[in-house]
Amino acid sequence: MNLAPILPELILTVGAIVLMMVAAFMGRRGSALCSWASVALLLGASVTLLGEPQSAGALFGGLIQADGFGAFGKLVIYLCAAVAIVMAHNWFERDFEHAAEYPVLILLSAIGMSVMVSATSLISLYVGLELQSLSAYVLAAYRRTDDRSAEAGLKYFVLGGLASGILLYGISLLYGFTGTTQFEGVAAAFAREGTQSIGLLFGLVFLLAGLAFKISAVPFHMWTPDVYEGAPTPVTAFFASAPKVAAVLLSVRVCLDALAPAIDAWRQIMIFAALASILLGAVAAYGQTNIKRLLAYSSINNVGFALIGLVAGGVAGASAVLFYMAVYVVMTLGAFLCVLRMKDEKGESIEGIDSLSGLSQTRPGLALALATFMLSLAGIPPLFGFWPKLMVFNAAVAEGLYPLAVAGILGTVVGAFYYLKIVKVMYFDAPGRPLSKPGSAVESGLIVIAALIVSPLGYLLIRPLGQLTNNAAGSLF
């Protein structure tokens, strides 16, 4: 059997096993080695995605698909995971908590996400999702001495278990009424019977409900603010980026492949989820005083915009989703890299938005970077965050979904308030307690790179990134 198409997963799997042994024998002394070795593995796996084998088609009897869509998703996921490991190194070392298991958990989660974005069977979908989730539950509760982290891990585990049960029930219904777990077979059953079959319709609803939890779309968003606030900041940054990309891309493949003939049924569900996520993400963030909770609602809000592209369907809609998620993770990781710098004189992390008061006077560079990320997340031109929103709205308009596009634009205006609030606190409020000195040069470099990408310079990426996302989306059809 040709193993070249799954070379990225093999690299990460073997590397995770080896590093697990290193962690077992070296303990905390091996944290630096494991961290940088994990980053090297993720970058190495990313390089292998550029080869021809990533277009090999169906593998392992149709359980997974090697195509451009999966390769694009894996590339974004691996780079996000590498940044999350780099972010964690200095943050945990401060409290002597950074055990060598942390990067191993990230690697195992990345393997699960690789399976998610390539899955073309309900079985591989579930296996990949559970592998990602099991690692995530441990990561959320990683700070054992912190009650908030333990609470976040417990909430995530309990609600995640409930969502997995809902998802598995939907899978069992689809299997029972179609006799297959292959996306191709499920699509054939929907094409044959349509939504006239109540069993198929119920299976579709439960399947989408389970996926909605994973992407934290309304009304299955309830875990997001608490988990984001309680989990360690590098873990929160990871949750808001890589798993979000994997779950959204998995939803795109399921809807446009397995459920394609039932587009009228799932489109109604996704329209509701998109508009509800945009509205709740915008309104619920108004009264937040914790920057991580605010970014949690920002995450919910942005998922709503990505779902507008999914609702549009077709190559244009799928391409818009890919483009949106690629730019979204840069903005989000950049914002969390800035949040990592929010420490008092003793080096303790502070998360209150009021602690940013007058930041433009005490730390002008950090204030400028955070303002860039906030305004870009709001979709305010000429920053690059405006372009992916325009793409999903154009995709909706091209499909004749004018009310959805108008509602999305209004949601952008409503949500801009709390992003502007952060900018106002940094530039117009009187300075409060000064933040501690800057962190590592690597983190500073990542902030600068992310800020340049989401600045007006990012428009130079429209053509190459657009061509990449179009090719990736086209491989779905």
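Predicted model: local features only at pLDDT ≥ 70, side-chain atom pairs only at ≥ 80, totals over all residues.
Q: How many helices and strands does the protein have?
A: Helices (H or I, at least four residues) and strands (E, at least two) are DSSP runs, numbered from the N terminus. Here there are 20 helices and two strands.

Q: Why does the radius of gyration agree with a compact globule?
A: The radius of gyration is taken over C-alpha atoms, and the globule rule is 2.2 Å times the number of residues to the power 0.38. For 477 residues the rule gives a value near 23 Å, and the protein has 21 Å, which agrees. The C-alpha trace spans about 65 × 55 × 40 Å along its principal axes.

Q: What share of the contacts with a separation of 6 or more joins residues 24 or more positions apart?
A: A contact means heavy atoms within 4.5 Å. In the protein, 80% of the contacts with a separation of 6 or more are between residues 24 or more positions apart.

Q: What percentage of the residues is buried?
A: Buried means under 20% relative accessible area, exposed over 50%, and partly exposed in between, with a 1.4 Å probe and protein chains only. Of the 477 residues, 61% are buried.

Q: Which residues touch the most other members of the largest nonpolar core?
A: In soluble globular proteins, nonpolar side chains tend to be buried together. A nonpolar core is a set of buried Ala, Val, Leu, Ile, Met, Phe, Trp, Tyr and Cys residues joined through side-chain atoms within 4.5 Å. The largest one holds 170 residues, among which Phe-239 and Leu-259 touch the most other members. Helix 14 gives the most to this core, with 20 residues. Leaving aside residues up to four places away in sequence, Phe-239 touches Ala-136, Leu-139, Ala-140, Tyr-156, Val-227, Tyr-228 and Lys-244.

Q: What is the volume of the largest cavity, and which residues line the cavity?
A: On a 1 Å grid over the protein atoms alone, a cavity is a set of points where a 1.4 Å probe fits but cannot get out; a pocket is an open set with protein on both sides within 12 Å along at least five of seven lines; lining residues have an atom within 4 Å of a point. Points are joined across faces, edges and corners, and a volume is the space filled by probe spheres set on them. The largest cavity has a volume of about 100 Å³. Its lining includes Phe-239, Tyr-156, Tyr-228 and Lys-244. Helix 11 supplies the largest share of this lining, three residues.

Q: Which helix gives the most to the lining of the largest pocket?
A: Helix 3 does, with eight residues. This pocket has a volume of about 640 Å³. Of its 25 lining residues, Leu-79, Ala-326, Val-329, Val-330 and Ile-453 lie nearest the centre.

Q: Where does the largest share of the lining of the second largest pocket come from?
A: Helix 3 provides that share, four residues. The second largest pocket holds about 280 Å³ of space and is lined by 12 residues.

How values were computed: Residues numbered from 1 in each chain as written. Heavy atoms only, no water.
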